[in-house]
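Have the sequence and the 3D view open as you go.

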Amino acid sequence: MAAQNFLWSFTKNCFTFGLIGLTISDRYASIVPVRGSSMSPTFNLTTDSFMGSLSDDYVLVEKFCLQKYKFSHGDVIVFCSPSNHKEKHVKRIIGLPGDWIGTPMTNDVMKVPNGHCWVEGDNPSSSLDSRSFGPVKSTMPYIRLKKLLKLLLW
Amino acid sequence: MGVRNQLSLFVTFAKEGFEKSLLVGKFFCCLHVVNTYVCTPALAYGPSMLPTINLTGDLVLAERISTRFNKVCPGDVVLVRSPVVPRRIVTKRVIGMEGDRVSYVADPKSSDKFETVVVPKGHVWIEGDNFYESNDSRKFGAVPYGLIEGRVFLRIWPPKDFGSLGRRAE
């Protein structure tokens, strides 16, 4: 009887804790790992294929900016990829709506349309970003990164 | 003695206050989780979905489960975050999924010309039922799947229109 009570209260506590944690991570802040070298040297300065995911940088992301969708130049954001909504990318905002962006590949200048932003990785040689898939719709950004907490696993 | 009594009274009050606010916090979290992951109410108004949705506004319920599992099909009425104004959510019908060939009349008020487009990968083509007054994919192009917020499955107000939304009137 006591064991049943204990199990029940333990389940309730787990459930409550999970609910609160989920709400906080959805609305306020959460911790995400950053994979790949497209943002080096800002994140993942050394990509060791032997260590793999153990040497990823972990960053604290804040979601307050999603209330008003107010981003600024230079913010690092996490967003869903336009071609596959389940993938998330981490890049830096280079252009906001109304900015003119020069594409080095085609020697062309284009204006970032309303509701979109132009993102690029810090490491241009290995970065899949707006230069390949065009401006990202500004509602896709998931959260702004605040590199308050950068945990490097050993 | 009086001070100790008052202190213990204060501690009791504080404990009860904490428990009550924890209860309120838990309720709020529950509400948030249901709203974000299960279903959400929405007020849909405007002329772009006539005759399916009234001009003055209908209260509808949209579920978020089929969007998470990629079960949205052409013919569904969905809530979509507008690609042009990020803080606005619009209600439109899905006409084509990725890879589909979509034919549409670009500007029905001025000409009858049909245009055909292939929906790119990861995008959907949305149109309002009232294509004379609808600002949709014909103006701003195919919309990434990640902007779909929910699938409308039930209309709950006004009571005389209670029930699921119909298919598009051809």
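## The nonpolar cores

Which residues make up the largest nonpolar core? In this predicted model, that core has 12 residues: V72(B), V78(B), V80(B), V90(B), V94(B), M97(B), V124(B), I126(B), V143(B), Y145(B), L147(B) and I148(B). Three strands of chain B, namely β3 (77-81), β4 (89-96) and β7 (123-127), each supply at least two residues of this core. Another core, of 10 residues, lies apart from it, and its members include M49(B), I53(B), L79(B) and L165(B).

Leaving out residues up to four places away in sequence, V143(B) touches V80(B), P83(B), G122(B), H123(B), V124(B), I126(B) and S137(B). As general background, nonpolar side chains tend to be buried together in soluble globular proteins.

## Aromatic pairs

Over all chains, the structure holds 3 aromatic pairs. In one of them, the ring centres of Y104(B) and W125(B) are 5.0 Å apart and the planes meet at 35°, so this pair is tilted. The two residues come from distant parts of the chain: Y104(B) sits in strand β5 (residues 101-105) of chain B and W125(B) in strand β7 of chain B, 21 residues apart. Y104(B) counts as buried at 10% relative accessibility, and W125(B) counts as buried at 3%.

The rings of F131(B) and Y132(B) also form a tilted pair, with centres 5.0 Å apart and planes at 35°. Here F131(B) counts as partly exposed at 35% relative accessibility, and Y132(B) counts as partly exposed at 47%.

## Salt bridges

How many salt bridges does the structure hold over all chains? There are 10. In chain A, D122(A) pairs with R92(A), with the closest N and O atoms 2.8 Å apart. This pair links distant parts of the chain: D122(A) is in the loop between β7 (116-120) and α2 (130-133) of chain A, while R92(A) is in strand β4 (residues 84-95) of chain A, 30 residues apart. D122(A) is partly exposed at 25% relative accessibility, and R92(A) is partly exposed at 22%.

In chain B, the side chains of R155(B) and D58(B) meet in a salt bridge at 2.6 Å, N to O. R155(B) lies in strand β9 (residues 148-157) and D58(B) in strand β2 (residues 58-63) of chain B, so the pair ties together parts that are 97 residues apart in sequence. R155(B) is buried, with a relative accessible area of 9%, and D58(B) is buried at 0%. D76(B) and R151(B) meet in a salt bridge as well, at 3.9 Å, N to O. This pair ties together parts 75 residues apart in sequence, because D76(B) lies in the loop between α2 and β3 of chain B and R151(B) in strand β9 of chain B. Salt bridges that share partners join E63(B), D76(B) and R151(B) into one network.

## A buried lysine without a salt bridge

K63(A) lies in the loop between β2 (57-62) and β3 (76-81) of chain A. K63(A) is buried yet has no salt bridge. The nearest side chain of opposite charge, D26(A), is 4.8 Å away, whereas a salt bridge needs nitrogen and oxygen within 4 Å. What does the side chain of K63(A) reach? The side chain reaches the backbone oxygen of S25(A) at 2.8 Å.

Methods
Residues numbered from 1 in each chain as written. Chains lettered and ligands numbered in written order. Predicted model: local features only at pLDDT ≥ 70, side-chain atom pairs only at ≥ 80, totals over all residues. Heavy atoms only, no water. Core = buried A, V, L, I, M, F, W, Y, C linked by side-chain atoms within 4.5 Å. Buried < 20%, exposed > 50% of the residue type's maximum accessible area, 1.4 Å probe, protein only. Helix = DSSP H or I, 4+ residues; strand = E, 2+ residues; numbered from the N terminus. Contact = heavy atoms within 4.5 Å. Phe/Tyr/Trp six-rings, centres within 6.5 Å; stacked < 30°, edge-to-face > 60°. Lys, Arg positive; Asp, Glu negative; His and termini not counted. Polar contact = N/O pair within 3.5 Å; in protein donor to acceptor, adjacent residues only side chain to side chain.
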